[in-house]
Amino acid sequence: MGAALRIGVIGGSIAGCAAAVAGRRVGADVTVYERSGAELQDRGFGIVIPPPLHRELVGSGYLDAGMETAPVATRVWLTREPGGRSTRELARQPSPVTPCNWGLLWRSLRASAGSVRYLRGEPVTSVGTAADGRAVITTERSEERYDVVVGADGHASRTRQSLAPGLRPEPAGYLVWRGAIPLSALEGHSRELELLRGAWVTLGFPGGHGIFYLIPGGSRDTAGRTGKGGRLLAYAIYGRPPADPDADPGPYVRELAEEHFPAAWAEIVAHGTHRTTACHPVADVQVPRAARAPLLLAGDAAGVTRPHTASGAVKALQDALCLERVLREGPVVAEALERYADERTAAGAHLVELGRRLGRAQVEETPDWAAMGQDEVDAWFRGVLAGTRHYLYAQDTPSVR
Ligand SMILES: Cc1cc2nc3c(=O)[nH]c(=O)nc-3n(C[C@H](O)[C@H](O)[C@H](O)COP(=O)(O)OP(=O)(O)OC[C@H]3O[C@@H](n4cnc5c(N)ncnc54)[C@H](O)[C@@H]3O)c2cc1C
């Protein structure tokens, strides 16, 4: 029997841990290099994935069946009543999703990667190719050779530069603020919480929108979060950047909500002080080819889609499933990576393009939400999707009403 395939993974977050599971499942000898010295932090952020993907990942041993999720099947569109501060519901659409807590998702993938060598506090300084065609990963402490290197080093990936020199993320010109609030801080909001127990919410305003949904609280509670079975309210609010680029994200996003949201939802956002609010630039980038042996890119390193698609982590998980499949299909690594590149480059490019369209519709050129009802929302979205399919829009399921 020959020596096991050696796989080096750069980045130990969602894409890196998922790729490590893929490698382990094909019997490879896997080493993960993670720049961060601390355990990757659970900030309680929400990550939504499609229910069939969740089932597939549990069935194939990537995720623990016991990892908590908070599934719902409906999307509700809200806006502020014109001239007032009350909430108006525009539409409901079928939209089955499986919301996860980022920290629980990462820990579950990390546990499934099991005994792989996971080097914390070990930033990769360069990746090269040796004369024998194998890849060389260099850090300050070591230089090692691998048959395959997975670049899973995120949106600002340096590994991407090896496959696509000079390619940089293109800013969308707007921002997203996200955070999570313990339900214990929202006692006066029983009506909104009741809605969120059965649906995820999109709240439209001129020049942006907010997304709200419940996620599992996670069991490691240091800031008032409940244990198993508890929930956090996760939110993501898209809008124009503040005039002062150094503005503190918490106060700015609360002002935005105060200006545009119905009173009840602005009050919810005002509780965001209970957890940190993080601000992320929104950007697009996609490599022309996701692999060239012995290198391949996974997750945000391969391409960044705007978060409206709720698909960056989804893509990273699908990348890992694809990697496992192509490595099983045949023993020639270069051919396996070509098949990976064919499949995953096209999938990434599709998401980047869809993310741009969703961004245009929901942030850059927002409709007159207040004048819309169910039929207008349905027709508007059919136009935005332009015949393509996406898991957040279950077009074939009969309308919820
Ligand atoms: C507001 C918002 C909401 C989102 N919602 C969703 C959603 O609902 N569903 C969904 O699927 N996706 C969502 N996403 C996208 C998702 O969060 C990302 O696509 C995903 O987390 C990317 O994972 P990754 O492992 O590729 O990158 P990252 O999580 O960025 O990890 C990269 C890792 O590489 C390490 N690294 C970097 N350089 C080096 C180096 N030189 N050496 C060693 N290690 C290195 C870093 O320390 C880091 O741990 C959302 C994103 C945002 C901003």
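This is a predicted model: local features need pLDDT of at least 70, side-chain atom pairs count only at pLDDT 80 or more; totals for chains, interfaces and linings use all residues.

**The three-stranded sheet**

I started with an open, antiparallel sheet of three strands in the order β7-β8-β9. The edge strands are β7 (124-129) and β9, and each pairs on one side only.

Residues are numbered from 1 along each chain as its sequence is written, and side-chain values use heavy atoms, with hydrogens and water left out.

My terms for elements come from DSSP: helices are H or I runs of at least four residues, strands are E runs of at least two, both numbered from the N terminus. Two strands pair if DSSP finds at least two bridges between them. Angles run from 0 to 180 degrees between N-to-C directions, and axes are lines fitted to C-alpha atoms, for helices over the stretch in contact.

Back to the strands. β7 and β8 run antiparallel and are joined by five bridges, with T129 standing opposite A135 in β8. Strand β8 (residues 135-139) pairs with β9 in the antiparallel sense over four bridges, and T138 stands opposite E143 in β9. A hairpin of three residues joins β8 to β9.

Which residues of β9 lie on its covered face? I found E144 and Y146 there, while E143 and R145 are on the uncovered one.

**The nine-stranded sheet**

Next I traced an open sheet of nine strands with mixed pairing, in the order β3-β5-β4-β12-β13-β14-β11-β15-β18. β3 (46-49) and β18 (303-304) stand at the edges with a single partner strand each, so one side of each is left without a neighbour in the sheet.

Inside the sheet I checked strand β11 (residues 170-182) against strand β14 (residues 231-239): they pair in the antiparallel sense over eight bridges. W177 has I237 in β14 as its bridge partner.

Then I turned to the helices on this sheet. Helix α2 (residues 51-59) lies across β3 and β5 (87-101), running at about 10° to β5. Helix α3 (residues 102-113) packs on the sheet as well, touching β3, β5 and β13 (208-216), and its direction makes about 25° with that of β5.

I picked out H54, which is found in helix α2. Is H54 buried or exposed? H54 counts as buried, at 14% relative accessibility. My cut-offs are under 20% relative accessible area for buried, over 50% for exposed and partly exposed in between, with a 1.4 Å probe and protein chains only. Leaving aside neighbours within four places in sequence, H54 is in contact (heavy atoms within 4.5 Å) with I49, L63, M67, T69 and T98.

**Helix pairs**

Helix α1 (residues 14-25) and helix α8 (residues 312-329) pack at an angle of about 20°, with axes 9 Å apart. They are therefore roughly parallel to each other; angles under 35 degrees count as such, over 145 as roughly antiparallel, 65 to 115 as roughly perpendicular and the rest as oblique. The residues of this contact divide into 10 nonpolar, no polar and three charged. I count Ala, Val, Leu, Ile, Met, Phe, Trp, Tyr, Cys and Pro as nonpolar, Asp, Glu, Lys and Arg as charged, and the others, Gly among them, as polar.

Helix α9 (residues 333-364) and helix α10 (residues 374-385) pack at about 145°, with axes 9 Å apart. L354, R357, L358, A361 and Q362 in α9 meet W380, F381, V384 and L385 in α10. Here I get seven nonpolar, one polar and one charged.

Most residues other than glycine have a negative phi, and most peptide bonds are trans. The bond from A293 to P294 is cis, with omega near 10°, and P294 lies in the loop between β16 (291-292) and β17 (295-297).

A310, in the loop between β18 and α8, has a positive phi of about 45° and counts as partly exposed at 21% relative accessibility. A386, in the segment after α10, has a phi near 45° and is exposed, with a relative accessible area of 56%.
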